[in-house]
Amino acid sequence: MPNSRTPRIIGRIIKLTAVLLVFSVCGVLIWRMVTSRDPDSIGVLIPNDALCEVYEREGDALLMRYQNQTTITRAEHNSGYFSVTQYVFIPQANQIQLVFRYNNSTLGHLAADYGLPETPDKAGTYFDVTVTTAVDLTPDVREDNYTDDGTTPDCLEIKRYYPTAELTRRETTSLYTYYRYVFEDVPMEAHTVGVFADIYYLEDLDYREQSYGTLCLFDDEAKWIEQKLSAADVEALDGYVGGLTDG
């Protein structure tokens, strides 16, 4: 007489395997979500004199805004290399703050792209991040803002801004390296048609050449989204203002 238990045992094994597989996939997804979230210290505004002067005057009315732009590089030569996970324009302070992130695998791509003998150590600093603005000098003629070969049209005035070194904040996780940058004295001039974050490899730093990666922060045809101060932002700003008062 055939063993009637065998099919049941096999069925249970299959079901158990399926359940374990589902839990494993869910666990990996949850782990990725947790590890992909910006560290708390990186997500908070970095206060300085200019920002806190505006904050003292405006309080909760402090204007911060951003746009829904592509957050990760997608070009053929840098797909997935770099991200700007969050950023805000603070026009009352002429300031931009942004969070720049890259994956551990980006360092492997860097080694391959530049023929390095080994993958750079994660502890090092390898990338230069700047912000550029494009101002249309012929705003009544929109079609001359574009060229067939991708070069910058003569009608666009390009200005480059550099992060304030002493305000830069760096953090690492098991998967990512993060930088929070503060760009000061960045006015949004009339007829500004675009603002971009440009990434260059420090050992190949030539602003006349194409960047290693570029992400759009502002497009004059896209909508602004306003962002309110978080509780952590308020705590950081209040602490900075309090320190000035105590001093």
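Is Cys-155 buried or exposed in this structure? Cys-155 is buried, because its relative accessible area is 9%, and buried here means under 20% relative accessible area, exposed means over 50%, and partly exposed lies in between (1.4 Å probe, protein chains only). The model is a predicted one, in which local features need pLDDT of at least 70 and side-chain atom pairs count only at pLDDT 80 or more, while totals for chains, interfaces and linings use all residues. Residues are numbered from 1 along each chain as its sequence is written, and side-chain values use heavy atoms, with hydrogens and water left out.

| Residue | Relative accessibility | Class |
|---|---|---|
| Thr-192 | 7% | buried |
| Cys-216 | 21% | partly exposed |
| Asn-94 | 33% | partly exposed |

If you are looking for disulfides (pairs of cysteine sulfur atoms within 2.5 Å), the count is zero.

Now let us turn to the strands. Helices (H or I, at least four residues) and strands (E, at least two) are DSSP runs, numbered from the N terminus. Four strands form an open sheet in the order β5-β4-β8-β9, with antiparallel pairing; two strands pair if DSSP finds at least two bridges between them. β5 (156–161) and β9 (213–219) are at the edges with a single partner strand each, so one side of each has no neighbour in the sheet.

Within this sheet, β4 (residues 127–136) and β8 are joined in the antiparallel sense by nine bridges. Leaving out residues up to four places away in sequence, Thr-192 touches Ala-134, Val-135, Phe-218 and Asp-220, where contact means heavy atoms within 4.5 Å.

Next, find Asn-94 in the loop between β2 (82–90) and β3 (95–103). Its C-alpha atom is separated by 5.0 Å from that of Val-186, although the two residues are 92 residues apart along the chain. Beyond its neighbours within four places in sequence, Asn-94 is in contact with Phe-183, Glu-184, Asp-185, Val-186 and Pro-187.

Finally, have a look at helix α2 (residues 49–58), where Leu-51, Cys-52, Val-54 and Tyr-55 are buried. Viewed down the axis of α2, these buried residues fall within an arc of 160°, so they line one face of the helix; the arc is that of the directions from the helix axis to the C-beta atoms. The face turned away from the buried side of α2 carries the exposed residues Glu-53, Glu-56 and Arg-57. After α2 comes Gly-59, with a positive phi near 60°.
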